[in-house]
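Student: I would like a close look at a single part of this model, followed by an account of how the rest of the chain is arranged. Please give the cut-offs as you go.

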Amino acid sequence: MIYTADVPTTQDTLTATFADDTAILSSDPDPVRTTEKLQHHLNLAQNWLEQWRIKVNPTKSAQVTFTTRQGICPPVNLHNTHMPVKKEVKYLGLHLDEKLMWKTHTKAKRCQLELKLKSMSWLINTSSQLSLDSKLTVYKTILRPISTYGIELWGCSKPSNTKILQTFQSKMLRMISSAPWYVSNQTLHNDLEIPYVTEVIRTNTNKYKNRNTVHSNQLIITLFNPSVYRRLKRLWPEDLAQ
């Protein structure tokens, strides 16, 4: 923190840092003006990097335009190298697409779950000698956290996206319990005491809100303030706690 305490900032941009991940956000109705604000910040950052002899590879960074309009912002550059313009980016484990629909994220998590299941299916499949309680513990501690990470944010996506992960959970419960085909998913969830994904979204969001509304940092408290301007008829993260 001391080493990066003097990292340049501007009034027209927002800097978000966590460990070695840094994101610079710029907003404006005019995409050209947005790029100008961002490029000005990058110019300051370039001087700072040169001053402290820090090498950065611009090609490993990404520029994404988050908008529902047509077109994207003009590209920016660092060290005379254009940053790759992408339609989605992964930041702190979350896959952010340009329209923030979370479809990319839920699909990526489903693929991650399938790969994890493939490597450990011998442990929880129908032929495993583990007890039912042990299989459930494996699912709760290893597999379920993959899908619930960041659920307070992506939980506001469309039901078709959350269904991608709900389908996987239903399949897992059927495998763990060796349930026959005629046992409904509702029965599996009730008997094994595993909540549906929609219930997890609501529970986790309320816990997140209750924990942060009494936080000492006022910036965190304001995250749950109702948004005044809403052009789109879609759920926002703060709606999940209502």
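Which residues does threonine 35 touch, not counting residues up to four places away in sequence?

Tutor: This is a predicted model, in which local features need pLDDT of at least 70 and side-chain atom pairs count only at pLDDT 80 or more, while totals for chains, interfaces and linings use all residues. Residues are numbered from 1 along each chain as its sequence is written, and side-chain values use heavy atoms, with hydrogens and water left out.

Threonine 35 touches Gln63, Cys73, Pro74, Pro75 and Val76, once residues up to four places away in sequence are set aside. Contact here means heavy atoms within 4.5 Å. The residue belongs to helix H1, which spans residues 31-51. Helices (H or I, at least four residues) and strands (E, at least two) are DSSP runs, numbered from the N terminus. With a relative accessible area of 9%, threonine 35 is classed as buried. The classes are buried for under 20% relative accessible area, exposed for over 50% and partly exposed in between, with a 1.4 Å probe and protein chains only.

The setting is a chain with eight helices and six strands. Along the sequence they follow the pattern β-β-α-β-β-β-β-α-α-α-α-α-α-α. The C-alpha atoms fill a box of roughly 65 × 40 × 40 Å along the principal axes. Of the 242 residues in the chain, 34% are buried. Among contacts with a separation of 6 or more, 57% are between residues 24 or more positions apart. Threonine 4 sits in the segment before strand S1 (13-18) and is partly exposed at 37% relative accessible area.

Helix H2 covers residues 103-124 and bends by about 50 degrees at lysine 118. The bend at a residue is the angle between axes fitted to the seven residues ending there and the seven starting there. The buried residues of H2 are His105, Thr106, Lys109, Arg110, Leu113, Leu117, Met120 and Ile124. An α-helix has 3.6 residues a turn, so residues three or four places apart point the same way. The cover over the buried residues of H2 includes strand S6 (94-97), helix H3 (132-148), helix H4 (151-154) and helix H5 (159-177).

Serine 119 and lysine 37 are 82 residues apart in sequence and 46 Å apart in space, C-alpha to C-alpha.

The axes of H2 and H5 come within 8 Å and cross at roughly 10 degrees, so H2 is roughly parallel to H5. Axes are lines fitted to C-alpha atoms, for helices over the stretch in contact, and angles run from 0 to 180 degrees between N-to-C directions. Angles under 35 degrees count as roughly parallel, over 145 as roughly antiparallel, 65 to 115 as roughly perpendicular and the rest as oblique. On the H2 side the residues in contact include Thr106, Arg110, Leu113 and Leu117, and on the H5 side they include Ile164, Leu165, Phe168 and Met172.

Most residues other than glycine have a negative phi. Phi of tryptophan 102 is near 70 degrees. Tryptophan 102 is found in the loop between S6 and H2 and is buried at 9% relative accessible area. Phi of serine 178 is near 55 degrees. Serine 178 lies in the loop between H5 and helix H6 (185-192) and is partly exposed at 39%.

The whole structure holds one aromatic pair. The ring centres of tryptophan 181 and tyrosine 182 are 5.7 Å apart and their planes stand at 85 degrees, so the pair is edge-to-face. Rings of Phe, Tyr and Trp (its six-membered ring) pair if their centres lie within 6.5 Å; planes under 30 degrees apart count as stacked, over 60 as edge-to-face and the rest as tilted. Both tryptophan 181 and tyrosine 182 are exposed.

A search for disulfides, meaning pairs of cysteine sulfur atoms within 2.5 Å, finds zero in the whole structure. Cysteine 156 is buried at 13% relative accessible area.
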